[in-house]
Structures are given as structure tokens and as C-alpha cells.
Amino acid sequence: MSTTTQVYKVYIKATPEAIWDAITKPEWTERYGYTGLVDVDLKPGGALKIRSSEEMRRSAEANGYGVPELIIDGEVIEADAPRKLVTTWRMLMDPTMAEEGFTTLTHEIAELQGGYCSLTLIHDLTGAPGLAAMVAGGDADPNQGGGGWPWVLSDLKSLLETGKPLAG
């Protein structure tokens, strides 16, 4: 079994606390990316659950497919607010990807000069080739369920810097 690790880094004009809130609070996660509602118990062993939002379900139905209520689950490995969050992460929306099991997702936030931070997302996708292809995004259309981490991070950056997501 080979190891597949994807690393993405984005620079955001925001505080570490604002970025932390944007990745750990549902009132933020419902405003960018795929609009899932995060529920995370920020301690080692705490549960990670991401539920589909009404907007996500409506968009999926318009494109001819359904979305379950619980779309991602996992467990917190490390939570060091507002610097680092490491969780296991399993995609439940597609049965094939759910069968690939849990992967490891790390968010690292570093404060830089001038009011900027770097947000590095590291996704260890060992044994999950289907999920690896999906989260890489490539040229997939985010409006059709594609775009992956590059699109999610771009959308997050836009929201934090302008108050509006990319599509907003």
C-alpha cells in the first residue's frame, strides 16, 4: 500500500483565531467550500462530524443526486488552538470512498508579518485512491461536486478577506 499525501498552502490576511474559527465553527463552515456544518469536540479523542447543510442538499438535488445528513466523520488527534488541528477524516457521501476508511487531515496555521497567516492543509490519503482523486480537485467543477481542497481553501481565503465566498 502506497502513501499519498497532498499538501496545500494558502496565505490569508486574517488572524490565526479567525482562521481557526473558520475551520472549527459551523457558522463559518456553512459559508464556504461545500457548506458542510462542522461539529468538532476539540480535544484528543473528540468526535468530528460534518453534516450536510440545507444549501448542500438543495444543490445536490438540483444536480440529480442525494446527500446524506452525515457526510464526514472522524476523531480529533491533536487540537492546539489556534495553531494546529489534526483529525481522522472519512468521507461518507460516497459508499466507495467510505469503504476506503479513515485518512488523516492536518491544518497548520502560522502567523506572519503584516497581518497575514499561512494555512497549510496536509491530507494523508494512504489507502484511499478514490478520495485522493476527489480532494485533489483538478479541473473539476465545484458546482458539480468537484474542486477539492484547492477550491475549498480559495473559497475560505476569499470569505475571510472580503466577507464573501468566491461565488458570492
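This is a predicted model: local features need pLDDT of at least 70, side-chain atom pairs count only at pLDDT 80 or more; totals for chains, interfaces and linings use all residues.
User: Which residue forms a salt bridge with lysine 84?

Analyst: Glutamate 78 does, with the closest N and O atoms 3.8 Å apart. A salt bridge here is a side-chain nitrogen of Lys or Arg within 4 Å of a carboxyl oxygen of Asp or Glu. Residues are numbered from 1 along each chain as its sequence is written, and side-chain values use heavy atoms, with hydrogens and water left out.

User: Is lysine 84 buried, exposed or partly exposed?

Analyst: Lysine 84 counts as partly exposed because its relative accessibility is 26%. The cut-offs are under 20% relative accessible area for buried, over 50% for exposed, and partly exposed in between, using a 1.4 Å probe and protein chains only. Glutamate 78 is also partly exposed, at 32%.

User: How many salt bridges does the whole structure have?

Analyst: Eight. Among them is arginine 83 with aspartate 80, closest N and O atoms 3.3 Å apart. Arginine 83 is partly exposed at 46%, and so is aspartate 80 at 30%.

User: What about glutamate 54, which residue is its partner?

Analyst: Arginine 58, at 3.0 Å between the closest N and O atoms. Both sit in helix α3 (residues 54-62), four residues apart, which is about one turn of the helix. Helices (H or I, at least four residues) and strands (E, at least two) are DSSP runs, numbered from the N terminus. Glutamate 54 counts as exposed because its relative accessibility is 54%, while arginine 58 is partly exposed at 49%.

User: Switching to aromatics. How many aromatic pairs are there?

Analyst: Two. In one, the rings of tyrosine 34 and tryptophan 151 have centres 4.9 Å apart and planes at 55 degrees, so that pair is tilted. Rings of Phe, Tyr and Trp (its six-membered ring) pair if their centres lie within 6.5 Å; planes under 30 degrees apart are stacked, over 60 edge-to-face, and the rest tilted.

User: Where do those two sit in the chain?

Analyst: Tyrosine 34 is in the loop between α2 (26-29) and β2 (37-40), and tryptophan 151 is in helix α6 (residues 148-162), so the pair links distant parts of the chain, 117 residues apart. The other pair is tryptophan 89 with tryptophan 149, tilted too, at 5.6 Å centre to centre and 50 degrees between the planes. Tryptophan 89 lies in strand β5 (residues 84-91) and tryptophan 149 in helix α6, so this pair ties together parts 60 residues apart in sequence.

User: Are tryptophan 89 and tryptophan 149 buried or exposed?

Analyst: Both are buried.

User: And tyrosine 8, which residues does it touch?

Analyst: Leaving out residues up to four places away in sequence, tyrosine 8 touches Leu119, Thr120, Leu121, Val135, Ala136, Trp149, Pro150 and Leu153. Contact means heavy atoms within 4.5 Å. Tyrosine 8 lies in strand β1 (residues 5-12) and is buried, with a relative accessible area of 17%.

User: Where is histidine 107, and is it buried or exposed?

Analyst: Histidine 107 is in strand β6, and it counts as buried because its relative accessible area is 11%. Beyond neighbours within four places in sequence, histidine 107 contacts Ile23, Arg83, Lys84, Leu85, Leu119, Thr120 and Leu121.
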